[in-house]
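Subject: Structure handover

Hello,

Here is the structure we spoke about. Please open it alongside this note.

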Amino acid sequence: MKASSNSYRLSARFRGSVLGAASGDTLGASLEQAPSHPVRQTFKNRVEEFQETPRLGLAPGQWTDDTVFSRATLKCLVEYERIDIVALKKKLYEDYLVDSHRGFGKPTEKTFERGTPDSESAGCGAAMRIGPAALFASFYSDLEKFRGDITSIISITHTHPEAVNGALAVAFAIASAVRSELKPDRLIQQTVDFIGATSDMGHKLLEVEGILKRPGLSLEEGFLEIGTRGYILESVGATFYAFLRTPDNFFESVVNAANAGGDADSNASMTGAISGAFNSIQGIPKPWLANLEACGELDDLSRRLCRIVEKK
Ligand SMILES: [Mg+2]
């Protein structure tokens with residue numbers, strides 16, 4: 001019998017979130033589209049296995065910038081056992097230099113060229129890397145400390161209010177899942193209460209909730225209305241939609257997010273981070289894990305991060 005989503009061990013949720021995010025990034029990499037194609041034209045021939053990404057010179061199973069930065073964040077949290085913004089910024093920059101061919105966005109590139117964050121970009125470049133920080137902060141007793149620490153990590157590259165709200169929304173969902181408190185039918189309202197109902201991101205998530213409740217609307221029509229570009233409102237909106245259409249099915253959620261096109265790798269990665277925390281590592285297809293770049297290293301880092309959080 002399938003275990004209830006409330007009964008997974010903490011380490012299984014940490015591993016599920018980290019490896020789920022990397023799997024989504026990898027699956028979505030070859031499906032990323034130009035912004036002029038807001039949603040992939042069809043789900044009929046959907047891609048369910050890792051493919052090569054000639055655009056970035058990546059073999060099947062290799063991931064992109066999303067996982068470069070999530071892994072850097074993981075390594076930093078495991079090494080210092082606390083949030084050290086100076087050390088994290090240095091680590092992100094070092095790994096960016098090593099892996100700069102893996103599809104980093106302009107705001108991130110500009111941040112490291114200038115040494116200051118981008119205040120104008122409302123892209124998903126901070127939301128896509130927030131997973132490990134959300135895991136680290138998931139058992140904070142003080143929600144305002146959670147908001148403050150997550151915001152300081154976001155602000156290394158992004159300070160636009162909606163880029164911050166979008167990343168906070170993803171972090172909140174991951175932390176709720178890790179604490180076994182995520183209820184799919186209440187997630188959007190609770191997330192909106194956390195980030196603020198008057199924010200553009202809050203409005204967008206409430207729009208997604210309306211789309212989820214509309215009878216007869218196809219998966220594809222939902223993505224078309226929400227949009228799937230890397231613009232934070234679309235990207236995080238599509239992420240919540242992909243997760244909440246099939247909350248108990250990691251594979252369906254991540255495959256759907258990737259095949260909706262747009263910023264497919266980031267959308268599928270964020271969906272994988274949330275769904276992996278909710279459904280644990282047990283939800284991730286074994287063939288994906290067998291073919292995922294640096295799976296053993298990411299798994300080891302996620303177990304170590306879990307032990308650090310359990311100790312605190
Ligand atoms: Mg990417």
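Below is what was found in it.

This is a predicted model: local features need pLDDT of at least 70, side-chain atom pairs count only at pLDDT 80 or more, and totals for chains, interfaces and linings use all residues. Residues are numbered from 1 along each chain as its sequence is written.

Helix α1 (residues 10-29)
Helices here are DSSP runs of H or I, at least four residues, numbered from the N terminus. The 20 residues of α1 should span 28 Å at 1.5 Å a residue, counting one less than the number of residues. The end C-alpha atoms of α1 are 29 Å apart, which agrees. In α1, 18 of the 20 residues are buried, so the helix is largely enclosed by the rest of the structure. Buried means 20 or more other C-beta atoms within 10 Å of the residue's own, with C-beta atoms placed from the backbone.

Ser-302
Ser-302 sits in helix α15 (residues 295-311). Ser-302 is buried, with 26 other C-beta atoms within 10 Å. Ser-302 and Arg-15 are 287 residues apart in sequence, yet 5.4 Å apart in space, C-alpha to C-alpha. Leaving out residues up to four places away in sequence, Ser-302 touches Phe-14, Arg-15, Val-18 and Leu-74. Contact means C-beta atoms, placed from the backbone, within 7 Å.

Helices α6 and α7
The axes of α6 (residues 143-154) and α7 (residues 161-178) come within 10 Å and cross at roughly 125 degrees. Axes are lines fitted to C-alpha atoms over the stretch in contact, and angles run from 0 to 180 degrees between N-to-C directions. Residues in the contact include Phe-146 and Ile-150 of α6, and Val-164 and Leu-168 of α7.

Best wishes

Technical notes:
Helices (H or I, at least four residues) and strands (E, at least two) are DSSP runs, numbered from the N terminus. Two residues are in contact if their C-beta atoms, placed from the backbone, lie within 7 Å. A residue is buried if 20 or more other C-beta atoms lie within 10 Å of its own, exposed if 12 or fewer, and partly exposed in between; C-beta atoms are placed from the backbone.
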